[in-house]
Amino acid sequence: MARDGVLRLNDITKRFGKLIANDAVSLTLHRGEVVALLGENGAGKTTLMNILFGQYTADQGAVEVFGQTLPPGNPRAALDAGVGMVHQHFTLAGNMTVQENITLGVQPLFSLRSGTQTARKRIVELSERFQLKVNPDARVGSLTVGERQRVEILKALYRDVKILILDEPTAVLTPQETEDLFATLRQAIANGLSIIFISHKLHEVMAISDRVVVLRHGKLVGEVNTKDTDPKAMSAMMMGTSATPPDIVPAQPGGVLLQLDRVSTADIGNAPGLKSISLALKAGQITGLAGVSGNGQAALADLVGGMQAPDAGTLTVNGDTPTSWTPREAVAKGIARIPEDRHKTGTIADFDLTENAILERYNSSDFSASGWLNWRSARDYANGIIEKYDVRCPGADTRIRLLSGGNMQKLILGRVLEAGPQIILANQPVRGLDIGAVNYVHSQLLAARDAGAAVLLISEDLDEIITLSDVIHVISEGRLSPGFTRGEMTPPELGIWMAGHGFEEAAVAS
Amino acid sequence: MDIIDILLSASFWAAAIRIASPLIFATLGELICERAGVLNLGIEGIMVAGAFAGWMAVYSGTGLWTGVAVAMAVGMLFGLLHSTLTVPFGLSQHVVGLGVTLLATSATYYAYRLALPEVTSPPKIEAFQPYRIPGLADIPLIGPALFNQTPLTYAAFALVLIVSFTLYRTPLGLAVRAAGENPSAVAAQGLSVTGIRMGAVIIGSGFMAVGGAFLTMSAFDSFFFEMVNGRGWICIALVVFGAWRPGKALLGAILFAAFDALQIRVQQTSLGAAVPYQIFLMMPYVLSIVALVLVSRRAEVPAALMVPFNKGER
Amino acid sequence: MRLEPIANPTLPRRLGLPALAIGSTVVIASLLAMMAGANPFSVLGLILQGAFGSKFAILETLNRATPLIFTGLAAAVAFRAKFWNIGAEAQLYSGALITVVLGTGLLAWPSPLLLPVLALAAVLAGAVLLLIPALLKTRFGVDEVVTTLLFNFIFLLFISMLLEGPLKDPMGMGWPKSARVLPEARLPRIVEGLRLHWGFGLAILSAIAVWVLQTRSTLGYEMRAVGNNAEAARFAGIPVNTVLVKTALLSGGLAALAGFSEVAGLKGSLTLDLSPGFGYTGIIVAMLALLNPIGVIFAALFVAGIFVGADSMSRAANVPTYLADIMLATALLFMVLAIMLTRFRVVRD
C-alpha cells in the first residue's frame, strides 16, 4: 500500500502565534482513492491545504508529491507537480470568460501566442469526458453557482492534475447537483486521479470516500476506512463528545407579524430579484429559507432588513404598511437583523465594541440627545451585552477586528436581541463558526422563537434549515415555493424544488 | 475664420494629434496600472519627472531616443516606489499616489535648480522633428494631419496597438486583467499577484514618463515648471472615459485634444476676443468632468481596482 | 510575504516606527543637501534655526501654520469619512474671494459684526464649491479625486479671470490683484506689536471644535462609521450619502477659512499667489497627524517650520527650497508605511 502513495504530508506543524493550527499531521493519499478530510470549522483543514499549496510555510514537516519533496512556500510547486484545488470560495474572475479563467496562468506569461483554438478544443474535450457541461465563451459572472464549480474543476483538469482537492464542494449545490458532482468525481477516479474531499457533511463522506481522516483542533484524531465506520462514529470523532445540538420542542405559532403579498424587486446585476412572492412570518415560529446560493436569498434578506423597498406588491409589518422602507425603519419596527457577512456588513472593524454595539441605535434617546452622544450609557449597554451574551474580549474598548468570528457574532446577537425583537432576520447566522458557537447561536434563536418572535432563517446548509425550521420555503430564481411544515419533505424532495422544479405548477394552483 | 473652416483644416487636426500624443502615452500607462488593479495618482508627478529627465539627458548630450529611454527609466523608478508601497504593503493608493506626485515634482524641480543654477530662461534642445511618411502624407486632410508628425507621435499610436494586443491576445495580458478583476484567481493558478501588479505599475509609470518627455522633446524643446499642468489628472479621466480599453482611450484622447486645439483657435477669432481667455483655458478641465459624468453610469470598472491583495485574508 | 495584524502593538513599536520615518526623512534630506554641495548638518541646523530660532522665526512659522491647520483639518475631516477632497486649494480661494468681494466696501460694518459674517460667508463659499463634486459622487458615482483636482485648475482660472476683470484693483499698477479689504475687515493681532493675527486663534479653535464633533457627536460617529465601512454603515441605517454630503460641506468650509484668514489676517487683498499650495500641503498635514484634528495643529507647525526654515536656509546655504517639498513627500510616504507597520507585521509565509 505505502508504495503507491501519490501524496504524502509528513508531520506537518503550523503555529499562528500561540495557536497551533496543525499539530504534527501526517496523511497519505493513494492512487485512485478518495480520502475524506473531515473536521469542524477551525479544525485546521484549510491551513493544511494552504501549506500543501505553498500559501503558508509549515514550521515543521514536509509535503511529498509522487516521491518528490515540494519546496515550501512556493505556490507553483504543487500545481506543477500535478495537484489541483477547487476552493470553497471560487477563485474566478466574473468579468472574464470561462476559457480565459481556465487558461489563466497555464501558458508561459511572456509568450506571444494565445493558443486560443487549441485551448478551446481541449476544454470542449475535457468537459465531455468528465460530464462538465459549460460554454467556453460564457462570462463567468453570468453562470450559476453549479456551473461555476464545473469551471473550477475544469481549471484543475485542464492542467492535467493527478491529485484533486475539493474544499467543501457541496456546500453550494442542490442534492441533484451533488449527485452530478459525484458522477464527475467517479469519472476522474476512473481516469487515474486521486481525490481529497474536504467536508463536514457525513452522509456525503459516506457516499463518495474510500477512507476518512478526521482533524480536531489541529490534530489528526482518527483515520478509518469508510466501510468500517458510520456517521455516528465519525461525528463523535469530529466533535469530541462535548457539544450536543440543542433540543427542539414543537413550535406554538401565533399571529402573522410580517407579511409579503406578491412582492417583486428588481434584479441587481446577476443577482435575481424577487418574483411576486408571498410569505407570512408567524410569531413563535422559525421559517426556514432553503435554496442554492444566489437565487434571491439576498434580495429577500435586503427586503426584510430594510435595505430594499418592494418595487411591486405590499409589505406589511405588524399590521401596517410602511410608507418608506429603510434599515432605520426596519429597526424601528422591531426587526432584528443578523447580516450574512459579519465582517463586511455586521460590524465596523476599527470601531470598538461599544461603538459597534450602538451601531443601529446610536441616535435613539438611549444613547444621544440633540446630536450629542452619551458614551457612558453606550459603554454600560455594551458591557451588559458582553456579560449577558458571553462575548469573550479584553474589554468594551477593544477594536472588534481582534475578536474571533464567534464572539463577533455574539455581539451582533446581543445588539439585535437585547431590544426583545418581534421579528428576527437571521441570514447565514452560523457560517464559519465553530461547533460551540453554532450551538449557542441556534439555542438563542430557538429561545427567541419560544419567547414569541417570528424568525426568518436563511441558510445554504439544508441540514441546518431542516433541523431548525418549523416551516420551510424554497427559493429559486427569485420565486418562492409554498411552505412545507416540519417533516413534510425529505431532503431529495426539497432538492427538486431547489433545482427550480414545481414553481409553475404551484403558481397555477394558487 | 469660421469654426467649420477650422475643423476642415489639416493644420488643426495635425495640432490635435500633436496635443493628443502625450495624453496617449500617459493614458495607456494609467490604463495598464488600473487594469492590474492599482490606481496610480503619481501620474502627474511622473510626467513632470519624465519631461525633465528626457530633456536633461538630451541637453547633456545623449541622442533623442536615449533621452526617451532615460525618461522611461525614471518613470519606472517612481513606479517601483509606488508599487512597492501600494502592492505588497497595501497602503492607500490615494495617499501614496499623491505622495509620489509631490515627491516626483519636487525632486524634479530640485534637480533642475541643481543642474542649472544660473539660468533665467531654460536652454533649448534639438527636439524631434516631423517626419513625412512618403505617400501617406499626400492624402488630403488625413495625410498632413496624421502622417507628418514626429516619430514619438507614431510611437504613441504604435503603443496603442501593442498594449491592446498584449492585454487581449497574450497570456501576460490575461494575467494582468485577471489581477484587476480577481487577484485570488491569479494566485490560485500559481501566479504572483504582487509580481504582476508591480510589473504593471512599473511599466505603466514608464509610459507616463514618456508622455511627459513628449512635451519637452517633441511638442516643445525646453523644460518649464508647471508645464504638465494637470495633464496627468486629465489622463485619469480619459481612462474612465475610455472604459479601460486602449482603443477607446485613444479616441477619447484625440477627441479631447481636438477640443483643446479648437479652443486655441477660437481664441484668435472675433468670438474669442470677446470672451476672457481663461474661459478657454478652463475648457479641458470642464470637459474632463463632463466626460466623467457622461460615462459614470455605464462604467465597467475593473472589479478589484484599489482593492489590495493580502494572501493571509480570504 | 504577508501582513498579519498585531493585536496590541507595543509602545516602542508605536513610537519607534514613526520616529524612524522622520529619521529616514532627515537622512534623505541630508543626502540631497550634500548633492547640492552643502554640509548636511549646517543645512539642517539652518532649517531649525530659520523655523524656530528667533521670535521672528517662530511668529513666521505660526503664521505659515495657520492656513495649513485649516486645510489640514479639511483633509482630515474628509479623509476620515473616505471622501477624498483634494480640492482644498480651490476652496481656499473661494473663501478668499468672498472675503474680498464682501470686505472691500460692499459691507461697511464695524469689525465685530463684519468679521464673523465674512468668516461665515467664506465657510459657505467653500462648502458650496465642494458640494458639486460631492453630489457628482453620490448621484452619479463620479470619483471625487479627479473632480476635486480638476476643480482646482478651473477655479484658479476663474480667480485669474476676475482679477484681470471685475475685481482688478485700479490702483494695482496693472498687476492682477484685488483692492484691499477695509480696515474693519482685518483680523486684529493677538498681541499688539507681534505679527500674529487671530486667524491662528480661529484655527486652534476650529481644530478643537472638529475634535469634539468627531468624538462626541452623532454626526462625527456617522462620519467615522462611513469612512471605516460604508457597507456596514448603510446596513445599520446610517444615510451614507447624506453623511458624505455633510462631510463635504464641513471640509470645504474649513478649507475656505484658510482663504479668509490669509486675506483678512495677513495679505489684505487677493492675488493669484495667495496660496503656495496650502490646499495640497494640507493633505500631508492631515496624513502626518493620522487624521487626528488636534494632531493637525502639531503637524501643521512641523510642516510650516520646514517651509519657513527651508526658505531662510536656502538663502544662506544656496540649497534649493524644493528640499522642503521633498522632505514633506518622503515624510508622508515613510509615515504611512510606518503607521501601517505599527498595526501589521510582515511575515514570510
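This is a predicted model: local features need pLDDT of at least 70, side-chain atom pairs count only at pLDDT 80 or more; totals for chains, interfaces and linings use all residues.
Let me begin with chain A, taken as a whole before we look at its sheets. Its secondary structure comes to 18 helices and 22 strands. The radius of gyration of chain A is 24 Å, close to the 24 Å that the globule rule gives for 510 residues, so chain A is as compact as a globular protein of that length. If you draw a box along the principal axes, the C-alpha atoms of chain A fill roughly 70 × 55 × 50 Å. Of its 510 residues, 49% count as buried, and of the contacts in chain A with a separation of 6 or more, 69% are between residues 24 or more positions apart.

Strand β1 (residues 5–16) and strand β4 (residues 60–65) of chain A run antiparallel and are joined by five bridges. A:L9 stands opposite A:V63 in β4(A), while A:L7 has A:V65 as its bridge partner in β4(A). Going on to the next pairing, β4(A) and β5(A) also run antiparallel, with two bridges between them, and here A:E64 stands opposite A:T69 in β5(A). These two strands, β4(A) and β5(A), form a hairpin with two residues between them, and in that turn A:F66 has a positive phi of about 45°.

Further along chain A there is another open sheet, this one of three strands in the order β12-β11-β14, again with antiparallel pairing. Why is one side of β12 (277–282) and of β14 (312–317) of chain A left without a neighbour in the sheet? Both strands stand at the edges and each has a single partner strand, so one side of each has no neighbour there. From one strand to the next, the twist in this sheet averages 5°. Strand β11 of chain A, residues 256–264, pairs with β12(A) in the antiparallel sense over five bridges, and as an example of that pairing, A:L260 has A:L279 in β12(A) as its bridge partner.

Let us move to chain C, whose secondary structure comes to 13 helices and two strands. For 349 residues, a compact globule would have a radius of gyration near 20 Å, and chain C, with 21 Å, agrees with that. The C-alpha trace of chain C spans about 70 × 60 × 35 Å along its principal axes, and 55% of its residues count as buried. Among its contacts between residues at least 6 apart in sequence, 78% join residues at least 24 apart.

The domain assignment of chain C gives domain 1, made of 1–36 + 321–349, and domain 2, made of 68–288. The C-alpha centres of these two domains of chain C lie 30 Å apart.

One residue of chain C deserves a moment, and that is C:R343, which has its place in helix α13 (residues 322–343) of chain C. Is C:R343 buried or partly exposed? It has 17 other C-beta atoms within 10 Å, and a residue needs 20 or more to count as buried and 12 or fewer to count as exposed, so C:R343 is partly exposed. Leaving aside its neighbours within four places in sequence, C:R343 is in contact with C:P5, C:I6 and C:P9. By contrast, the C-alpha atoms of C:R343 and C:A185, which are 158 residues apart along the chain, are separated by 48 Å.

Finally, we come to where the two chains meet. Here 16 residues of chain C are in contact with 27 residues of chain A. On the side of chain C that touches chain A, the elements that give two or more residues are α8 (218–228) and α9 (230–236) of chain C, and α8(C) gives the most, with five residues. The residues on that side of chain C divide into eight nonpolar, five polar and three charged.

Methods:
Residues are numbered from 1 along each chain as its sequence is written. Chains are lettered from A and ligands numbered from 1 in the order in which they are written. Two residues are in contact if their C-beta atoms, placed from the backbone, lie within 7 Å. Helices (H or I, at least four residues) and strands (E, at least two) are DSSP runs, numbered from the N terminus. Ala, Val, Leu, Ile, Met, Phe, Trp, Tyr, Cys and Pro count as nonpolar, Asp, Glu, Lys and Arg as charged, and the others, Gly among them, as polar. Domain bounds come from an automatic or database domain assignment. Two strands pair if DSSP finds at least two bridges between them. Axes are lines fitted to C-alpha atoms, for helices over the stretch in contact, and angles run from 0 to 180 degrees between N-to-C directions. The radius of gyration is taken over C-alpha atoms; the globule rule is 2.2 Å times the number of residues to the power 0.38.
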